[in-house]
Amino acid sequence: MVTPRDFVCTTPFTFKSGQVLPGFTMRYETYGQLNRARDNAILICHALSGDHHCAGRHSAADRKPGWWDHLIGPGRAVDTDRFYVICANCLGGCSGTTGPSSIDPATGKSYGIAFPFVTINDMVRSQKRLLDHLGVDQLHAVIGGSMGGMQALLWAILYPNFVRRVLAMATTAREGAQAIAFNEVGRQAIMQDPAWEQGNYPADGGPRVGLAIARMMAHITYLSDASMERKFGRRKRVTTTTAHGENPYSFDIQFEVESYLRYQGQSFINRFDANSYLYITRALDHFDLAHAYGSLEQAFAPVQAETLVVGFTSDWLFPPEQNREIALTLLRAGKRASYAELATDRGHDSFLLESPDLYRIVRGFLEREHEFVLDFSI
Ligand SMILES: CC(=O)SCCNC(=O)CCNC(=O)[C@H](O)C(C)(C)COP(=O)(O)OP(=O)(O)OC[C@H]1O[C@@H](n2cnc3c(N)ncnc32)[C@H](O)[C@@H]1OP(=O)(O)O
Ligand SMILES: N[C@@H](CCO)C(=O)O
(Lines give C-alpha, C1' and ligand atoms only; values in the text may rest on other atoms or scores of the structure.)
(Ligands and ions follow the chains in the order given, each with its own letter.)
Protein backbone atom coordinates (compact mmCIF):
# COMPACT_ATOMS: atom_id res chain seq x y z
CA MET A 1 0.00 0.00 0.00
CA VAL A 2 1.15 3.53 -0.69
CA THR A 3 -0.20 6.88 0.44
CA PRO A 4 0.19 10.02 -1.65
CA ARG A 5 1.63 13.04 0.09
CA ASP A 6 1.72 16.73 -0.70
CA PHE A 7 4.82 18.89 -0.70
CA VAL A 8 3.82 22.51 -0.20
CA CYS A 9 6.52 24.79 -1.51
CA THR A 10 6.07 28.26 -0.04
CA THR A 11 8.91 30.03 -1.83
CA PRO A 12 8.07 31.79 -5.10
CA PHE A 13 8.64 29.81 -8.27
CA THR A 14 9.64 31.62 -11.45
CA PHE A 15 8.65 29.83 -14.64
CA LYS A 16 10.82 29.91 -17.76
CA SER A 17 8.26 32.35 -19.17
CA GLY A 18 9.12 34.79 -16.38
CA GLN A 19 5.73 34.35 -14.74
CA VAL A 20 5.82 33.72 -11.00
CA LEU A 21 3.72 31.69 -8.60
CA PRO A 22 4.03 32.46 -4.89
CA GLY A 23 4.47 28.72 -4.32
CA PHE A 24 3.01 25.42 -5.40
CA THR A 25 1.83 22.07 -4.15
CA MET A 26 3.32 18.89 -5.56
CA ARG A 27 1.69 15.52 -4.95
CA TYR A 28 4.06 12.61 -4.78
CA GLU A 29 4.53 9.05 -3.64
CA THR A 30 7.60 7.23 -2.38
CA TYR A 31 8.42 3.54 -2.25
CA GLY A 32 11.23 1.87 -0.34
CA GLN A 33 13.59 3.66 2.07
CA LEU A 34 16.26 6.30 1.60
CA ASN A 35 19.43 4.66 2.89
CA ARG A 36 21.86 6.14 5.37
CA ALA A 37 24.28 7.20 2.62
CA ARG A 38 21.33 8.88 0.86
CA ASP A 39 22.55 7.49 -2.44
CA ASN A 40 19.78 5.07 -3.46
CA ALA A 41 17.08 7.47 -4.66
CA ILE A 42 15.46 7.03 -8.05
CA LEU A 43 13.15 9.61 -9.53
CA ILE A 44 10.39 8.44 -11.88
CA CYS A 45 9.05 11.04 -14.30
CA HIS A 46 5.64 10.38 -15.80
CA ALA A 47 4.42 10.98 -19.33
CA LEU A 48 1.76 13.37 -20.59
CA SER A 49 -1.24 12.02 -18.73
CA GLY A 50 0.46 10.06 -15.98
CA ASP A 51 0.60 10.96 -12.33
CA HIS A 52 2.44 10.34 -9.07
CA HIS A 53 0.87 6.92 -8.56
CA CYS A 54 3.37 4.76 -10.41
CA ALA A 55 3.30 1.67 -8.18
CA GLY A 56 1.42 -0.05 -5.40
CA ARG A 57 -2.19 0.45 -4.40
CA HIS A 58 -3.89 3.08 -2.31
CA SER A 59 -6.26 0.51 -0.84
CA ALA A 60 -7.00 -3.17 -1.15
CA ALA A 61 -10.14 -2.23 -3.04
CA ASP A 62 -8.22 -0.52 -5.89
CA ARG A 63 -9.10 -2.09 -9.21
CA LYS A 64 -5.58 -1.47 -10.55
CA PRO A 65 -2.18 -0.63 -9.09
CA GLY A 66 -0.03 2.32 -10.17
CA TRP A 67 0.79 2.69 -13.85
CA TRP A 68 4.32 1.20 -13.68
CA ASP A 69 3.63 -1.35 -10.96
CA HIS A 70 4.94 -4.22 -13.07
CA LEU A 71 8.31 -2.44 -13.31
CA ILE A 72 8.61 -0.92 -9.82
CA GLY A 73 8.28 -2.80 -6.54
CA PRO A 74 9.95 -5.28 -4.20
CA GLY A 75 12.16 -7.59 -6.30
CA ARG A 76 11.10 -5.91 -9.56
CA ALA A 77 13.35 -4.29 -12.15
CA VAL A 78 13.29 -1.07 -10.16
CA ASP A 79 13.68 -2.88 -6.88
CA THR A 80 12.15 -1.00 -3.96
CA ASP A 81 13.90 -3.35 -1.52
CA ARG A 82 17.06 -1.67 -2.74
CA PHE A 83 16.05 1.75 -4.04
CA TYR A 84 14.07 4.66 -2.67
CA VAL A 85 11.71 5.54 -5.50
CA ILE A 86 9.98 8.91 -5.82
CA CYS A 87 7.32 9.89 -8.31
CA ALA A 88 5.53 13.25 -8.43
CA ASN A 89 2.68 14.64 -10.46
CA CYS A 90 4.18 17.32 -12.71
CA LEU A 91 3.68 21.06 -12.39
CA GLY A 92 0.70 22.02 -14.56
CA GLY A 93 -0.89 18.63 -14.00
CA CYS A 94 -4.24 17.85 -12.46
CA SER A 95 -3.66 15.03 -10.00
CA GLY A 96 -2.88 17.03 -6.91
CA THR A 97 -0.01 19.22 -8.14
CA THR A 98 -0.66 22.88 -8.83
CA GLY A 99 -1.97 23.41 -12.33
CA PRO A 100 -4.63 25.31 -14.28
CA SER A 101 -7.47 23.67 -12.34
CA SER A 102 -6.01 24.77 -8.99
CA ILE A 103 -7.49 27.72 -7.17
CA ASP A 104 -5.68 31.00 -7.67
CA PRO A 105 -5.53 32.51 -4.16
CA ALA A 106 -5.71 35.99 -5.71
CA THR A 107 -9.15 35.39 -7.28
CA GLY A 108 -10.60 32.42 -5.43
CA LYS A 109 -11.21 30.77 -8.81
CA SER A 110 -9.33 28.25 -10.92
CA TYR A 111 -6.36 29.72 -12.76
CA GLY A 112 -7.63 28.38 -16.08
CA ILE A 113 -5.47 29.73 -18.87
CA ALA A 114 -4.19 32.48 -16.59
CA PHE A 115 -1.88 29.78 -15.24
CA PRO A 116 1.75 30.42 -16.18
CA PHE A 117 3.03 28.62 -19.27
CA VAL A 118 4.73 25.42 -18.16
CA THR A 119 7.85 23.94 -19.73
CA ILE A 120 9.73 20.70 -19.17
CA ASN A 121 12.37 22.90 -17.53
CA ASP A 122 9.79 24.15 -15.02
CA MET A 123 8.73 20.59 -14.28
CA VAL A 124 12.30 19.55 -13.54
CA ARG A 125 13.16 22.58 -11.40
CA SER A 126 10.01 22.12 -9.34
CA GLN A 127 10.83 18.43 -8.83
CA LYS A 128 14.26 19.49 -7.56
CA ARG A 129 12.56 21.44 -4.80
CA LEU A 130 10.69 18.32 -3.80
CA LEU A 131 13.89 16.29 -3.67
CA ASP A 132 15.59 18.98 -1.57
CA HIS A 133 12.61 18.82 0.77
CA LEU A 134 12.95 15.03 0.99
CA GLY A 135 16.64 15.30 1.87
CA VAL A 136 17.79 13.65 -1.35
CA ASP A 137 21.15 15.09 -2.33
CA GLN A 138 21.92 12.83 -5.29
CA LEU A 139 19.95 10.55 -7.57
CA HIS A 140 21.03 7.05 -8.36
CA ALA A 141 18.88 7.43 -11.45
CA VAL A 142 16.15 9.38 -13.17
CA ILE A 143 13.82 7.26 -15.26
CA GLY A 144 11.07 8.31 -17.62
CA GLY A 145 9.26 7.45 -20.80
CA SER A 146 7.98 9.87 -23.43
CA MET A 147 7.62 13.25 -21.67
CA GLY A 148 9.20 11.57 -18.65
CA GLY A 149 12.25 10.86 -20.81
CA MET A 150 12.49 14.54 -21.74
CA GLN A 151 12.53 15.40 -18.04
CA ALA A 152 15.15 12.75 -17.34
CA LEU A 153 17.46 14.20 -20.01
CA LEU A 154 16.98 17.71 -18.69
CA TRP A 155 17.71 16.57 -15.15
CA ALA A 156 21.18 15.48 -16.29
CA ILE A 157 21.72 18.82 -18.01
CA LEU A 158 20.43 21.12 -15.26
CA TYR A 159 21.82 19.17 -12.29
CA PRO A 160 24.83 17.26 -13.62
CA ASN A 161 26.36 16.60 -10.20
CA PHE A 162 23.08 15.38 -8.79
CA VAL A 163 22.26 12.64 -11.30
CA ARG A 164 24.31 9.47 -11.72
CA ARG A 165 22.20 7.61 -14.28
CA VAL A 166 19.55 8.59 -16.79
CA LEU A 167 17.21 6.08 -18.35
CA ALA A 168 15.06 7.67 -21.05
CA MET A 169 12.62 5.61 -23.09
CA ALA A 170 10.39 6.27 -26.10
CA THR A 171 11.40 9.90 -26.02
CA THR A 172 12.87 12.67 -28.11
CA ALA A 173 15.14 15.68 -27.77
CA ARG A 174 12.53 17.55 -29.76
CA GLU A 175 9.22 16.59 -31.29
CA GLY A 176 8.92 16.37 -35.04
CA ALA A 177 6.25 18.22 -36.99
CA GLN A 178 3.94 15.21 -36.93
CA ALA A 179 3.92 14.99 -33.12
CA ILE A 180 3.27 18.73 -32.83
CA ALA A 181 0.51 18.36 -35.41
CA PHE A 182 -1.22 15.63 -33.39
CA ASN A 183 -1.02 17.76 -30.26
CA GLU A 184 -2.51 20.69 -32.12
CA VAL A 185 -5.48 18.65 -33.33
CA GLY A 186 -6.09 17.61 -29.71
CA ARG A 187 -5.89 21.18 -28.51
CA GLN A 188 -8.26 22.37 -31.22
CA ALA A 189 -10.76 19.65 -30.30
CA ILE A 190 -10.72 21.07 -26.76
CA MET A 191 -10.70 24.75 -27.62
CA GLN A 192 -13.39 24.48 -30.28
CA ASP A 193 -15.72 22.78 -27.82
CA PRO A 194 -18.06 25.62 -26.68
CA ALA A 195 -17.84 24.25 -23.13
CA TRP A 196 -14.18 25.25 -23.03
CA GLU A 197 -15.35 28.87 -22.49
CA GLN A 198 -11.92 30.38 -23.17
CA GLY A 199 -10.51 28.17 -20.45
CA ASN A 200 -12.88 29.46 -17.75
CA TYR A 201 -15.14 26.45 -17.42
CA PRO A 202 -16.52 25.39 -14.02
CA ALA A 203 -14.89 22.54 -12.11
CA ASP A 204 -17.85 20.25 -12.73
CA GLY A 205 -18.11 21.07 -16.46
CA GLY A 206 -15.71 21.87 -19.23
CA PRO A 207 -15.02 20.62 -22.75
CA ARG A 208 -15.62 16.96 -22.10
CA VAL A 209 -16.46 16.19 -25.73
CA GLY A 210 -13.36 17.98 -26.99
CA LEU A 211 -11.12 16.34 -24.40
CA ALA A 212 -12.46 12.89 -25.19
CA ILE A 213 -11.86 13.41 -28.91
CA ALA A 214 -8.35 14.71 -28.20
CA ARG A 215 -7.60 11.55 -26.23
CA MET A 216 -9.15 9.23 -28.81
CA MET A 217 -6.97 10.72 -31.49
CA ALA A 218 -3.85 10.75 -29.32
CA HIS A 219 -4.44 7.20 -28.20
CA ILE A 220 -4.13 6.01 -31.78
CA THR A 221 -0.64 7.49 -31.83
CA TYR A 222 0.29 5.50 -28.71
CA LEU A 223 -0.46 2.18 -30.40
CA SER A 224 0.48 0.88 -33.84
CA ASP A 225 -1.30 -0.37 -36.91
CA ALA A 226 -0.18 -3.91 -36.12
CA SER A 227 -1.26 -3.81 -32.48
CA MET A 228 -4.66 -2.37 -33.36
CA GLU A 229 -5.08 -5.01 -36.01
CA ARG A 230 -4.23 -7.70 -33.50
CA LYS A 231 -6.48 -6.31 -30.76
CA PHE A 232 -9.49 -5.54 -32.96
CA GLY A 233 -9.04 -6.18 -36.65
CA ARG A 234 -12.43 -5.52 -38.23
CA ARG A 235 -14.34 -7.22 -35.43
CA LYS A 236 -17.84 -5.87 -35.08
CA ARG A 237 -19.78 -4.98 -31.97
CA VAL A 238 -23.52 -5.39 -32.45
CA THR A 239 -25.11 -2.39 -30.75
CA THR A 240 -27.38 -1.05 -33.46
CA THR A 241 -30.19 -3.47 -33.89
CA THR A 242 -33.59 -3.14 -35.38
CA ALA A 243 -36.54 -5.46 -35.20
CA HIS A 244 -34.90 -7.22 -38.15
CA GLY A 245 -31.44 -7.45 -36.59
CA GLU A 246 -28.27 -5.47 -37.06
CA ASN A 247 -28.49 -2.09 -38.80
CA PRO A 248 -25.25 -1.43 -40.64
CA TYR A 249 -26.51 1.95 -41.83
CA SER A 250 -25.85 3.95 -38.68
CA PHE A 251 -23.12 5.97 -37.08
CA ASP A 252 -23.38 4.23 -33.74
CA ILE A 253 -20.54 2.02 -32.65
CA GLN A 254 -20.13 -0.85 -35.08
CA PHE A 255 -16.48 -1.85 -34.85
CA GLU A 256 -14.73 -2.94 -31.67
CA VAL A 257 -11.99 -0.40 -32.31
CA GLU A 258 -14.60 2.38 -32.18
CA SER A 259 -15.88 1.07 -28.90
CA TYR A 260 -12.33 0.91 -27.56
CA LEU A 261 -11.49 4.47 -28.54
CA ARG A 262 -14.73 5.82 -27.13
CA TYR A 263 -13.97 4.00 -23.91
CA GLN A 264 -10.47 5.50 -23.81
CA GLY A 265 -11.91 8.97 -24.43
CA GLN A 266 -14.63 8.60 -21.79
CA SER A 267 -12.32 7.23 -19.11
CA PHE A 268 -9.87 10.05 -19.79
CA ILE A 269 -12.39 12.84 -19.16
CA ASN A 270 -13.08 11.38 -15.74
CA ARG A 271 -9.47 11.77 -14.70
CA PHE A 272 -7.94 14.64 -16.64
CA ASP A 273 -8.37 18.39 -16.89
CA ALA A 274 -8.69 19.90 -20.36
CA ASN A 275 -6.58 22.97 -19.58
CA SER A 276 -3.83 20.75 -18.17
CA TYR A 277 -3.94 18.89 -21.47
CA LEU A 278 -3.39 22.16 -23.35
CA TYR A 279 -0.53 23.20 -21.09
CA ILE A 280 1.28 19.90 -21.03
CA THR A 281 1.04 19.29 -24.76
CA ARG A 282 2.44 22.79 -25.26
CA ALA A 283 5.31 21.93 -22.92
CA LEU A 284 6.02 18.88 -25.08
CA ASP A 285 5.96 20.97 -28.25
CA HIS A 286 8.30 23.62 -26.86
CA PHE A 287 10.88 21.13 -25.64
CA ASP A 288 13.82 21.50 -28.00
CA LEU A 289 17.24 20.92 -26.49
CA ALA A 290 19.16 21.89 -29.62
CA HIS A 291 17.34 25.20 -29.87
CA ALA A 292 17.66 25.93 -26.15
CA TYR A 293 21.40 25.29 -26.01
CA GLY A 294 22.56 26.07 -29.55
CA SER A 295 23.02 22.43 -30.52
CA LEU A 296 22.27 19.03 -29.03
CA GLU A 297 26.00 18.47 -28.40
CA GLN A 298 26.16 21.73 -26.46
CA ALA A 299 23.01 20.80 -24.55
CA PHE A 300 24.70 17.61 -23.37
CA ALA A 301 28.04 19.27 -22.57
CA PRO A 302 27.43 19.41 -18.79
CA VAL A 303 26.10 15.83 -18.50
CA GLN A 304 27.95 13.62 -16.02
CA ALA A 305 25.42 10.81 -15.83
CA GLU A 306 25.61 7.49 -17.62
CA THR A 307 22.69 7.47 -19.99
CA LEU A 308 20.71 4.63 -21.45
CA VAL A 309 18.16 5.43 -24.13
CA VAL A 310 15.59 2.81 -25.08
CA GLY A 311 13.66 3.04 -28.33
CA PHE A 312 10.84 0.81 -29.56
CA THR A 313 10.78 -0.23 -33.19
CA SER A 314 7.06 0.44 -33.74
CA ASP A 315 6.97 3.82 -31.98
CA TRP A 316 5.83 6.20 -34.69
CA LEU A 317 5.26 9.12 -32.29
CA PHE A 318 8.84 9.36 -30.98
CA PRO A 319 10.43 6.94 -33.42
CA PRO A 320 13.61 4.93 -32.78
CA GLU A 321 15.71 7.34 -34.88
CA GLN A 322 14.93 10.17 -32.47
CA ASN A 323 15.91 8.01 -29.49
CA ARG A 324 19.06 6.76 -31.19
CA GLU A 325 20.06 10.33 -32.03
CA ILE A 326 20.07 11.22 -28.35
CA ALA A 327 22.50 8.42 -27.52
CA LEU A 328 24.69 9.13 -30.54
CA THR A 329 24.90 12.80 -29.71
CA LEU A 330 25.82 12.04 -26.11
CA LEU A 331 28.61 9.83 -27.43
CA ARG A 332 29.76 12.52 -29.83
CA ALA A 333 29.84 14.88 -26.86
CA GLY A 334 32.15 12.43 -25.08
CA LYS A 335 29.57 11.14 -22.64
CA ARG A 336 28.84 7.62 -21.42
CA ALA A 337 25.76 6.55 -23.32
CA SER A 338 24.11 3.43 -24.65
CA TYR A 339 21.15 2.72 -26.80
CA ALA A 340 18.88 -0.30 -26.75
CA GLU A 341 16.17 -0.82 -29.31
CA LEU A 342 13.42 -3.26 -28.48
CA ALA A 343 11.66 -4.98 -31.35
CA THR A 344 7.95 -4.80 -30.65
CA ASP A 345 4.82 -4.00 -32.59
CA ARG A 346 3.10 -2.40 -29.60
CA GLY A 347 3.88 1.21 -30.51
CA HIS A 348 4.83 4.23 -28.43
CA ASP A 349 3.15 3.03 -25.23
CA SER A 350 5.38 -0.08 -25.26
CA PHE A 351 7.30 1.45 -22.39
CA LEU A 352 4.16 1.15 -20.24
CA LEU A 353 3.57 -2.50 -21.05
CA GLU A 354 4.90 -5.66 -19.50
CA SER A 355 8.16 -6.72 -21.15
CA PRO A 356 10.74 -9.10 -19.67
CA ASP A 357 13.30 -7.68 -22.14
CA LEU A 358 12.74 -4.20 -20.80
CA TYR A 359 12.91 -5.42 -17.20
CA ARG A 360 16.31 -7.03 -17.86
CA ILE A 361 17.67 -3.88 -19.44
CA VAL A 362 16.38 -1.64 -16.67
CA ARG A 363 17.65 -3.87 -13.87
CA GLY A 364 21.04 -4.30 -15.54
CA PHE A 365 21.43 -0.58 -15.99
CA LEU A 366 20.42 0.30 -12.44
CA GLU A 367 22.31 -2.42 -10.63
CA ARG A 368 25.60 -2.70 -12.45
CA GLU A 369 28.37 -1.34 -10.24
CA HIS A 370 31.00 -0.65 -12.86
CA GLU A 371 30.96 1.93 -15.60
CA PHE A 372 28.50 1.32 -18.33
CA VAL A 373 30.05 -0.11 -21.46
CA LEU A 374 29.06 1.10 -24.89
CA ASP A 375 26.69 -1.53 -26.17
CA PHE A 376 24.57 -1.11 -29.24
CA SER A 377 22.15 -3.98 -28.78
CA ILE A 378 19.78 -3.28 -31.62
C1 LIG B 1 3.44 7.14 -18.59
C2 LIG B 1 2.38 7.32 -17.67
O3 LIG B 1 2.47 8.18 -16.95
S4 LIG B 1 1.13 6.23 -17.70
C5 LIG B 1 -0.27 6.98 -17.21
C6 LIG B 1 -1.09 7.25 -18.36
N7 LIG B 1 -1.75 6.06 -18.74
C8 LIG B 1 -1.92 5.83 -19.99
O9 LIG B 1 -1.55 6.59 -20.81
C10 LIG B 1 -2.60 4.58 -20.31
C11 LIG B 1 -3.30 4.80 -21.57
N12 LIG B 1 -2.81 3.91 -22.46
C13 LIG B 1 -3.30 2.66 -22.52
O14 LIG B 1 -4.20 2.21 -21.86
C15 LIG B 1 -2.68 1.88 -23.58
O16 LIG B 1 -3.67 1.22 -24.28
C17 LIG B 1 -1.73 0.89 -23.12
C18 LIG B 1 -1.02 0.49 -24.35
C19 LIG B 1 -0.71 1.49 -22.17
C20 LIG B 1 -2.42 -0.24 -22.33
O21 LIG B 1 -2.52 -1.35 -23.09
P22 LIG B 1 -3.23 -2.67 -22.56
O23 LIG B 1 -2.82 -2.96 -21.16
O24 LIG B 1 -2.98 -3.65 -23.61
O25 LIG B 1 -4.74 -2.23 -22.47
P26 LIG B 1 -5.77 -2.04 -23.66
O27 LIG B 1 -5.20 -1.22 -24.76
O28 LIG B 1 -6.31 -3.37 -24.02
O29 LIG B 1 -6.90 -1.18 -22.99
C30 LIG B 1 -7.43 -1.55 -21.80
C31 LIG B 1 -8.76 -0.89 -21.53
O32 LIG B 1 -9.58 -0.80 -22.71
C33 LIG B 1 -10.81 -1.49 -22.49
N34 LIG B 1 -11.21 -2.13 -23.73
C35 LIG B 1 -10.54 -3.06 -24.40
N36 LIG B 1 -11.24 -3.41 -25.51
C37 LIG B 1 -12.35 -2.68 -25.52
C38 LIG B 1 -13.45 -2.57 -26.42
N39 LIG B 1 -13.51 -3.29 -27.53
N40 LIG B 1 -14.41 -1.69 -26.12
C41 LIG B 1 -14.35 -0.93 -25.00
N42 LIG B 1 -13.33 -0.98 -24.13
C43 LIG B 1 -12.33 -1.84 -24.39
C44 LIG B 1 -10.49 -2.54 -21.44
O45 LIG B 1 -11.66 -2.94 -20.75
C46 LIG B 1 -9.51 -1.78 -20.55
O47 LIG B 1 -10.22 -0.94 -19.67
P48 LIG B 1 -9.57 -0.48 -18.28
O49 LIG B 1 -8.33 0.31 -18.64
O50 LIG B 1 -10.61 0.33 -17.63
O51 LIG B 1 -9.22 -1.73 -17.55
N1 LIG C 1 -0.04 7.17 -23.00
C2 LIG C 1 0.91 7.85 -22.20
C3 LIG C 1 2.13 8.21 -22.94
C4 LIG C 1 1.98 9.36 -23.86
O5 LIG C 1 3.23 9.74 -24.33
C6 LIG C 1 0.29 9.04 -21.54
O7 LIG C 1 -0.80 9.40 -21.92
O8 LIG C 1 0.88 9.57 -20.62
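Ligand 2 is surrounded by A47, L48, S49, G50, S146, Y222 and D349; a residue counts as near a molecule if its C-beta atom, placed from the backbone, lies within 6 Å of it. This shell divides into three nonpolar, three polar and one charged residue. Here Ala, Val, Leu, Ile, Met, Phe, Trp, Tyr, Cys and Pro count as nonpolar, Asp, Glu, Lys and Arg as charged, and the others, Gly among them, as polar.

The model is predicted: local features need pLDDT of at least 70, side-chain atom pairs count only at pLDDT 80 or more, and totals for chains, interfaces and linings use all residues. Residues are numbered from 1 along each chain as its sequence is written, while chains are lettered from A and ligands numbered from 1 in the order in which they are written.

S146 sits in the loop between strand 11 (141-145) and helix 2 (147-158). Helices (H or I, at least four residues) and strands (E, at least two) are DSSP runs, numbered from the N terminus. S146 counts as buried because it has 27 C-beta neighbours inside 10 Å. The cut-offs are 20 or more other C-beta atoms within 10 Å for buried, 12 or fewer for exposed, and in between for partly exposed, with C-beta atoms placed from the backbone. Leaving aside neighbours within four places in sequence, S146 is in contact with A47, L48, A170, T171, F318 and H348. Contact requires C-beta atoms, placed from the backbone, within 7 Å.

D315 lies in the loop between strand 15 (306-312) and helix 10 (320-332). It is buried, with 29 other C-beta atoms within 10 Å. Beyond four places in sequence, its contacts are A170, P320, G347, H348 and S350.

The chain is divided into domain 1 (5-175 + 288-377) and domain 2 (180-280); the bounds come from an automatic or database domain assignment. Their contact takes 22 residues from domain 1 and 16 residues from domain 2. The domain 1 side has eight nonpolar, ten polar and four charged residues.

Eleven helices and 17 strands occur in the chain. Buried residues make up 46% of its 378 residues.

Note on methods:
Contact = placed C-beta atoms within 7 Å.
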